[in-house]
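Welcome! Take a moment to look over the two chains, and then let us walk through them together.

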Amino acid sequence: MSDAYGDRGNKDASITNPKGMGSAIPQHSGQSHAAPGGPFLIGDGMTAGYGNGPDILHDCTIAVDQGEIAVIVGPNGAGKSTGMKAVFGMLDMRKGHVRLDGEDITDLSPQDRVAKGMGFVPQTSNIFTSMTVEENLEMGAFIRTDDFSDTMAQVYDLFPILKEKRLQAAGELSGGQRQQVAVGRALMTQPKVLMLDEPTAGVSPIVMDELFDRIIVVARTGIPILMVEQNARQALEIADKGYVLVQGANAYTGTGKELLADPEVRKSFLGG
Amino acid sequence: MDFLNALVAFLNYVFVPGVAYGSQLALGALGVTLVYGILRFSNFAHGDTMAMGAMATVLMTWLFQGWGISLGPLPTALLALPFGIAFAIGLLLFTDRAVYKFYRVKKAKPVILVIVSLGITFIYNGVTRFIIGADDQNFFDGERFIISAREFKAATGLAEGLSFRTTQGITVVTAVIVVIVLFWFLNKTRAGKSMRAYSDNEDLALLSGINPERVVMITWIIVATLATIAGVLYGLDKSFKPFTYFQLLLPIFASAIVGGLGNPVGAIAGGFVIAFSEVTITYAWKKILVYLMPENLEPSGLVQLLSTDYKFAVSFVILLIVLLFKPTGLFKGQSV
């Protein structure tokens, strides 16, 4: 009973609507200021946790540069997704900075980071299930006031299946198609950097390969991609830069090839 | 056997009143379902929002009547309706700013807001009665009938008359227009789509740059409009009495839940299901049966399944039956 505004164990959906409720994403937003130099996007020396909880990240650094794919891998509970969310401003940062394109954005709320050019695809609930594919893409472009039909055509070129199903409710699509909708939605803002939280979670190996191909295509258009992956081996194969996190801290860092070749990394995380 | 007379009696006593009442319930249920979908709680203050909006309209109507302004055959209340809507919008936006926002900022769980809305109900209820009194108020003027029973009898030569009141006509026409406009808004406009997106997935809507405060504001404006229109139509059709609106809350919620909470199409369907079950179960069918049955089989009683006093019980039995077999309501809504 410590939480005065909690639900007191209420499960009655006839008076409260549990569907689609937001988690507490910070609304308040500070100022960004110029901080030139360094990689395109970097979460530098991040120590962070949720609310008043304990630190989950300990002096963790994640960066991605222009035209690169950076991949965060690591065992379960290593803080991979947490690291990504910290870069996106969804955690309380206690130490460290996030810089995007020569600007310090540590104090910005996630919404403002979207406006600054960060595209984020969450791991779960990353589409509007009750809306059509096309409406999902339109909502992705909500902050844009210009004509976004070009971008939509580009997204349809990238994911032809979405064009076919554009009038279907996104919730009726298969797992792989839903991930394509989610990535497409994030691309609609024409982001300067794309962050993907386990884009291949819960899809079949064939679909997974296809998704990786698409991600490489997106990266070739010049958008840097920061990605958390469960399938470490495949992800590192396409990665320009890899981060292995263990218990919320950087354990190994290097190019994808280096990490794949590193006997320690192979033994601990890649199954020999 | 007199099939034609039976049909006319059915239309006159069951169908026409059912359609009018169903439209009123549907408009009310739409408001409830929108708040449920977007603000994620059941707004118990909806009935009294209807009363407040209708009250403002009644007062404006009296003012216009005092000035001698009228719409000819149509009730003056239609002219006063926009003012009533404006008042209700102001009231709800003020309530949101003064009360609901406090809880929203604190990320209070919806069940807290349910109780908050109950408190608002009592305040609205008290204020309404304080301003206009607890009694019946009549604010209807203009032509009473589109088709009166006597004209109908004279024109057709049937023993049974069919009367179609102006208020019933206005109710149905207004409801159709409002529903079309609402669905166009929700499905075709940017603001409407952002409301659906926010209802579907709040976090993702936030990350897409949709401003939640704006969505909430638009929702209250629509809800105030729907509530006032429903309240005024009900008041014109029956009579304006503050307490009846509090009671109307019950069939309105039953309609929204039967149709599937959070689903606008369901709210409309639910409104008509509840309205028709209330009317058919509390209507004395003797008259129609007398026309339809051979003389020696005519019923001696009234053939009224339930007294009209129990009409609210009917909505809840229907609610129970629907939920037993379809927990998400008739249309795909939220599982209850």
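How many bridges join E7(A) to strand E8 (residues 193-197) of chain A, and do they run parallel or antiparallel? Four bridges join these two strands, which run parallel. This is a predicted model, in which local features need pLDDT of at least 70, side-chain atom pairs count only at pLDDT 80 or more, and totals for chains, interfaces and linings use all residues. Residues are numbered from 1 along each chain as its sequence is written, while chains are lettered from A and ligands numbered from 1 in the order in which they are written.

- The predictor gives the complex an ipTM of 0.88 and a pTM of 0.91.
- Chain B averages a pLDDT of 91, and 99% of its residues score at least 70; pLDDT is the predictor's confidence in each residue, from 0 to 100.

**Chain A as a whole**

- Chain A has 10 helices and 11 strands; helices (H or I, at least four residues) and strands (E, at least two) are DSSP runs, numbered from the N terminus.
- A compact globule of 272 residues would have a radius of gyration near 19 Å, and chain A agrees because its value is 19 Å. The radius is taken over C-alpha atoms, and the globule rule is 2.2 Å times the number of residues to the power 0.38.
- Taken along the principal axes, the C-alpha atoms of chain A fill a box of roughly 50 × 50 × 40 Å.
- Of the 272 residues in chain A, 43% are buried. A residue is buried if 20 or more other C-beta atoms lie within 10 Å of its own, exposed if 12 or fewer, and partly exposed in between, with C-beta atoms placed from the backbone.

**Strands E7 and E8 of chain A**

- Strand E7 (residues 118-121) of chain A points A:Met118 and A:Phe120 one way and A:Gly119 and A:Val121 the other way, and all are buried.
- Two strands pair if DSSP finds at least two bridges between them; here A:Phe120 has A:Met195 in E8(A) as its bridge partner.
- Leaving aside neighbours within four places in sequence, A:Met195 is in contact with residues including A:Met84, A:Phe88, A:Phe120 and A:Leu226. Contact means that the C-beta atoms, placed from the backbone, lie within 7 Å.

**Strand E4 of chain A and its partners**

- Which residues of E4(A) are on each side? A:Ile69, A:Val71 and A:Val73 are on one side and A:Ala70 and A:Ile72 on the other, and all are buried.
- E4(A) runs parallel to strand E9 (residues 225-228) of chain A, joined by four bridges, and A:Ala70 stands opposite A:Leu226 in E9(A).
- E4(A) also pairs in the parallel sense with strand E10 (residues 241-246) of chain A over four bridges, with A:Val71 opposite A:Gly242.
- A:Ala219, found in helix H7 (residues 205-220) of chain A, touches A:Ile69 and A:Ile225, not counting residues up to four places away in sequence.
- A:Ala219 counts as partly exposed because 18 other C-beta atoms lie within 10 Å.

**An antiparallel sheet in chain A**

- Five strands form an open sheet in the order E1-E6-E5-E2-E3 (chain A), with antiparallel pairing. Its edge strands are strand E1 (33-34) and strand E3 (57-64) of chain A, each of which pairs on one side only.
- Strand E2 (residues 41-49) of chain A is joined by seven bridges to strand E5 (residues 92-100) of chain A, and the bridge partner of A:Ile42 in E5(A) is A:Arg99.

**Chain B as a whole**

- Chain B has 13 helices and two strands.
- The C-alpha trace of chain B spans about 70 × 55 × 35 Å along its principal axes.
- Of the 336 residues of chain B, 48% count as buried.

- In all, 35 residues of chain B are in contact with 34 residues of chain A. The largest share of the side of chain B that touches chain A, six residues, comes from H7(B).
- The largest nonpolar core has 162 residues, of which A:Val71, A:Met195, A:Leu226, B:Ala88 and B:Val223 touch the most other members. Such a core is a set of buried Ala, Val, Leu, Ile, Met, Phe, Trp, Tyr and Cys residues joined through C-beta atoms within 7 Å.
- Helix H9 (residues 212-237) of chain B gives the most to this core, with 14 residues.

How values were computed: Contact = placed C-beta atoms within 7 Å.
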